Amino acid sequence: TPVLCGGLYTRTSCLHFTPTSASGVWTNYATMLEERYGHTSWVSSAGLVLMGGYGVGTTTEIVPSGGGNFSLVGNLVRHACAIADKDSTIITGGEYTMKVVARYNLQGHVENLPEMTQGR
C-alpha cells in the first residue's frame with residue numbers, strides 16, 4: 001500500500017494509505033528524523049529508505065524503524081530517481097547529479113555505473 005513521506009509543507013511526516021472503504025483513509029505511518037523534500041526512496045527489506053533531499057542531500061534514513069542510516073556519495077542528491085534492483089537500488093540523475101548513476105544497498109555505496117550521456 002502507498003506511503004508518502006515529507007514534502008514542502010509536511011517535511012517530517014509519513015502517511016500510509018489504507019483502503020478501508022471505497023475511498024480509503026490516510027493514517028500516520030512514521031515521523032522522520034530529519035526534514036525532507038525533493039528526496040527519493042527505495043522499498044528495501046529493512047523498510048522504506050529515504051535518500052537525499054533539500055537540507056539533507058547526502059543522508060538517508062529508514063522508516064518506520066528510524067535506523068540503518070548510510071551516507072550518499074558525491075554531490076547533494078535532490079530530485080533523483082531510484083530504480084529498485086533486487087537487494088539494491090540504482091540512483092540516477094537529479095538536480096546536482098544529472099548524469100550520475102550509482103548503486104546502493106543497505107550498507108551504503110556499492111559502485112558507480114557509467115554516467116548517462118544526457119543529464120536527467
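A search of the whole structure turns up one cavity of 30 Å³ or more. A cavity here is a set of points on a 1 Å grid over the protein atoms alone where a 1.4 Å probe fits but cannot get out. This is a predicted model: local features need pLDDT of at least 70, side-chain atom pairs count only at pLDDT 80 or more, and totals for chains, interfaces and linings use all residues. Residues are numbered from 1 along each chain as its sequence is written, and side-chain values use heavy atoms, without hydrogens or water.

The largest cavity holds about 70 Å³ of space. Its lining is Leu72, Val73, Val77, Ile91, Thr97, Val100, Ala102 and Tyr104; lining residues have an atom within 4 Å of a point. Seven of the lining residues are nonpolar, one is polar and none is charged.

Leu4 sits in strand 1 (residues 3-5); strands are DSSP runs (E, at least two).

Two residues compare as follows. Buried means under 20% relative accessible area, exposed over 50%, partly exposed in between (1.4 Å probe, protein chains only).

| Residue | Class | Relative accessible area |
|---|---|---|
| Leu4 | partly exposed | 48% |
| Gly119 | buried | 17% |

Gly119 lies in the segment after strand 10 (108-112). Gly119 and Thr12 are 107 residues apart in sequence and 30 Å apart in space, C-alpha to C-alpha.

Key:
Helix = DSSP H or I, 4+ residues; strand = E, 2+ residues; numbered from the N terminus. 1 Å grid on protein atoms, 1.4 Å probe; cavity = no way out; pocket = protein on both sides within 12 Å on 5 of 7 lines; lining within 4 Å. Points joined across faces, edges and corners; volume = space filled by probe spheres on them. Nonpolar A, V, L, I, M, F, W, Y, C, P; charged D, E, K, R; others polar.
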